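Reader: I would like to go through the terms used for this chain and see how each value stands against its definition. Could you take them in turn?

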Amino acid sequence: MLWLIKPITWFPPMWAYLCGAVSSGVSPDGRWGVVILGVLLAGPIVCGMSQAANDWCDRHVDAINEPYRPIPSGRIPGRWGLWIALAMSVLSLIVGAQLGPWGFGATVFGVLAAWAYSAEPVRLKKSGWWGPGLVGLCYEGLPWFTGAAVLSAGAPSWQVVVVAALYAVGAHGIMTLNDFKALEGDKQTGVNSLPVTLGPERAAGVACGIMTLPQLVVIALMFAWDKPLFGVAIAAVLAGQFWAMTVLLPDPKAKAPWYNGTGVTLYVSGMTIAAFALRALA
């Protein structure tokens, strides 16, 4: 069951929630409970639920790509994968309700998005554009917005919303690279990911462009908001990603997992720098 909900995938939304909390400019003193609860909700609960839902809806694809996973291998038998996903959906809503109206609203959106991504008849995963876009929004933008809203007890500043949205757009590229591992199964089952429709080389180039452009905008905003040192720091992190892209692009099928460990760490580091810059603006 732990493998089913994939702890390794929890880090991005948990970190984004913390970035949101930092960017709000509100002191967490006396509010550590909602910070910790929000981190647990973003990672183990909602993200874990989304992984269970995706594995249940993808069980036929995984039988081709990764037959050793818990559901196709039979270690999660029968319809237990579905029951786990549904139970965690209910748990998500119960916990989200403890974070006030903003936290609960974001949780409802996240749960609906998880099922819309994976389940028929919507199954946005079939689109190489809508699918990664929705996941990027829910992995980076939504938890960032939620962390800021919960700490602020209201709508975050427009600067926070803009930066969170930019990093959510960039995460589309990260999700596209994640699709490389399912290339063969996606081809056979009609999932039109960008690696399937564009080919691995072009898809990797598009993913790198999508990751880069929002970060360039964030850097420009740092200078426009009179935070040049933060802009320089984010630019340095982006330069590191450029180096990682030179390793990725010659052989994207082989190097996509490596980039997801290396380049994504740098990407998240830039998010952290931007969060502290926004805190200084508050």
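Author: Buried residues make up 55% of the 282 residues in the chain, where buried means under 20% relative accessible area, exposed over 50% and partly exposed in between, with a 1.4 Å probe and protein chains only. This is a predicted model, in which local features need pLDDT of at least 70 and side-chain atom pairs count only at pLDDT 80 or more, while totals for chains, interfaces and linings use all residues. Residues are numbered from 1 along each chain as its sequence is written, and side-chain values use heavy atoms, with hydrogens and water left out.

Reader: Why does F11 count as partly exposed?

Author: F11 has 43% relative accessibility, and therefore counts as partly exposed. The residue lies in helix α1, residues 11–23, helices being DSSP runs of H or I with at least four residues, numbered from the N terminus.

Reader: How do you know that the radius of gyration agrees with a compact globule?

Author: The rule, 2.2 Å times the number of residues to the power 0.38, is set against a radius taken over C-alpha atoms; for 282 residues a compact globule would have a value near 19 Å, and the chain has 19 Å, so the two agree.

How values were computed
Helix = DSSP H or I, 4+ residues; strand = E, 2+ residues; numbered from the N terminus.
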